[in-house]
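This briefing is meant to be read beside the sequence and the model. Please keep both in view while going through the points.

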Amino acid sequence: MIAVAVLGYGTVGSGVVKVIETNHDSILEKNGVDLEVKYVLDLRDFPDDPIQKRIVHDFDVIINDPEVRIVVETMGGTNPAYSFTKRALEAGKCVCTSKKELVARHGTELLGIAQEHHASYLFEASCGGGIPIIRPLRTSLGADVIDEITGIVNGTTNYILSKMADENLEFDDVLRDAQKKGYAERNPEADVEGHDACRKIAILSSLAYGKRIDYTDVYTEGITKITSAEVRYAKELGMAIRLLAYSHREKDTAIAMVAPYLVRKTDPLYFVNGVFNAIFVHGNMLGDAMFYGQGAGKEATASAVVSDVIEEAQTLGRSVMSKWKPEKQKLQPVAETEKQFFVRIAGEEGTDRVREAASAFGASSVVQAGLPGECGLITPVMTERRYQECAAALGNQILGMIRIRG
């Protein structure tokens with residue numbers, strides 16, 4: 001019997017307990033590990049829940065119990081989760097987490113501590129929820145040189161963008177609907193401003209490329225500026241709007257960014273709707289591989305966490321997670337990257353004002369979506385710096401912009 005302690009009895013923590021107890025016999029039969037949740041740490045009591053007999057309020061109870069070999073951190077935030085994780089690893093206990101903020105901020109340090117103390121620090125659920133992606137990157141794709149990762153990695157924003165397109169609604173209206181259904185937090189900033197996706201692409205890229213990518217260095221835009229007008233143009237173009245997290249490595253330099261993109265119907269990401277996520281990985285031998293599934297949810301996320309618990313139970317006494325180097329990955333300035341842009345322009349097609357704007361961008365055609373007083377342009381491939389120079393010259397004639405993928 002391997003004793004497990006769960007830190008936090010919220011949505012994910014309670015899900016972890018449920019998975020371990022409901023699937024106990026199956027886990028034992030398939031994986032050869034006999035798991036038992038011995039403690040659950042929480043500030044609250046749960047008198048009407050059978051878990052109450054295992055509730056503790058003092059982390060030292062867990063640290064000082066030699067029977068506890070694995071600690072599951074589902075507290076959220078970075079404090080005291082960081083200090084508890086560090087203490088557990090220093091005590092030689094394995095730790096797994098679903099919280100991307102902690103991994104993005106302190107992953108380099110915590111992986112090093114785990115290795116030093118012959119323990120493991122795993123975080124499968126931190127980037128794809130229920131989608132397996134961390135383990136494939138370090139095991140199944142271990143023979144490949146990974147040079148690109150692109151994904152829809154936030155279910156909240158994908159739900160909002162999908163519903164805006166399906167029902168011709170505005171962002172604020174769909175956000176309120178998402179909050180009512182539990183798809184968006186009361187304070188949705190981390191999701192809708194792209195911060196959640198930013199942390200995830202930083203973690204995935206650090207693992208794939210072997211050097212630390214600081215999430216604060218990743219260029220990030222959210223979806224709060226997307227309106228029904230952009231959605232109408234997307235439909236006119238036969239495209240869909242998706243918030244993409246993207247990174248690409250070439251030799252010693254990488255690009256990393258998060259932003260809304262127009263995605264063509266020929267792109268599999270076009271068909272990823274609602275709360276579903278999808279992550280593309282490109283390797284020099286494998287080519288493209290796509291990981292698709294439900295990116296959030298109690299049971300899906302908890303299942304991914306327990307997969308880490310199982311691996312840690314099977315490898316007690318040694319560190320199994322490959323780690324990225326403390327050295328920072330050099331990032332190419334986004335201004336130097338090239339792509340096409342869709343630009344909303346104030347002015348009617350055929351007017352001198354629009355012709356001048358099209359000439360400034362080098363655009364050869366105008367896109368109409370039945371919106372009075374405006375039209376759209378698609379630029380040729382150009383650098384972000386060149387786009388910004390053209391946009392600055394046109395001033396308030398620019399009503400909006402979305403990048404085009406591929």
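The points below cover a helix pair, aromatic rings and backbone geometry.

The model is predicted, so local features are given where pLDDT is at least 70, side-chain atom pairs count only at pLDDT 80 or more, and totals for chains, interfaces and linings use all residues. Residues are numbered from 1 along each chain as its sequence is written, and side-chain values use heavy atoms, with hydrogens and water left out.

**Helix 8 and helix 9**

- Helices (H or I, at least four residues) and strands (E, at least two) are DSSP runs, numbered from the N terminus.
- The axes of helix 8 (residues 155–167) and helix 9 (residues 171–180) come within 9 Å and cross at roughly 125°, which means that helix 8 is oblique to helix 9 (angles under 35 degrees count as roughly parallel, over 145 as roughly antiparallel, 65 to 115 as roughly perpendicular and the rest as oblique).
- In the contact (heavy atoms within 4.5 Å), Tyr-159, Ile-160, Lys-163 and Met-164 of helix 8 meet Phe-171, Val-174, Leu-175, Asp-177 and Ala-178 of helix 9.
- By class, this contact of helix 8 with helix 9 holds 7 nonpolar, no polar and 2 charged residues, where Ala, Val, Leu, Ile, Met, Phe, Trp, Tyr, Cys and Pro count as nonpolar, Asp, Glu, Lys and Arg as charged, and the others, Gly among them, as polar.

**Aromatic rings**

- Rings of Phe, Tyr and Trp (its six-membered ring) pair if their centres lie within 6.5 Å, and planes under 30 degrees apart count as stacked, over 60 as edge-to-face and the rest as tilted; by this rule there are 10 aromatic pairs.
- The rings of Phe-341 and Tyr-387 are stacked, because their centres are 4.7 Å apart and their planes lie at 15°.
- This pair links distant parts of the chain, with Phe-341 in strand 16 (residues 338–346) and Tyr-387 in helix 15 (residues 384–394), 46 residues apart.
- Phe-341 is buried at 0% relative accessible area, and Tyr-387 also counts as buried at 3% (buried means under 20%, exposed over 50%, partly exposed in between, with a 1.4 Å probe and protein chains only).
- One aromatic cluster is formed by Tyr-121, Phe-123 and Trp-324.

**Backbone geometry in loops**

- The peptide bond from Asn-79 to Pro-80 is cis, with omega near 5°, and Pro-80 lies in the loop between strand 4 (68–73) and helix 4 (81–90).
- Asn-168, although not a glycine, has a positive phi of about 55°; Asn-168 sits in the loop between helix 8 and helix 9 and is exposed, with a relative accessible area of 55%.
- Lys-251 has a positive phi near 60°, lies in the loop between strand 10 (239–250) and strand 11 (253–264), and is exposed at 77% relative accessible area.

Definitions and conventions
Axes are lines fitted to C-alpha atoms, for helices over the stretch in contact, and angles run from 0 to 180 degrees between N-to-C directions.
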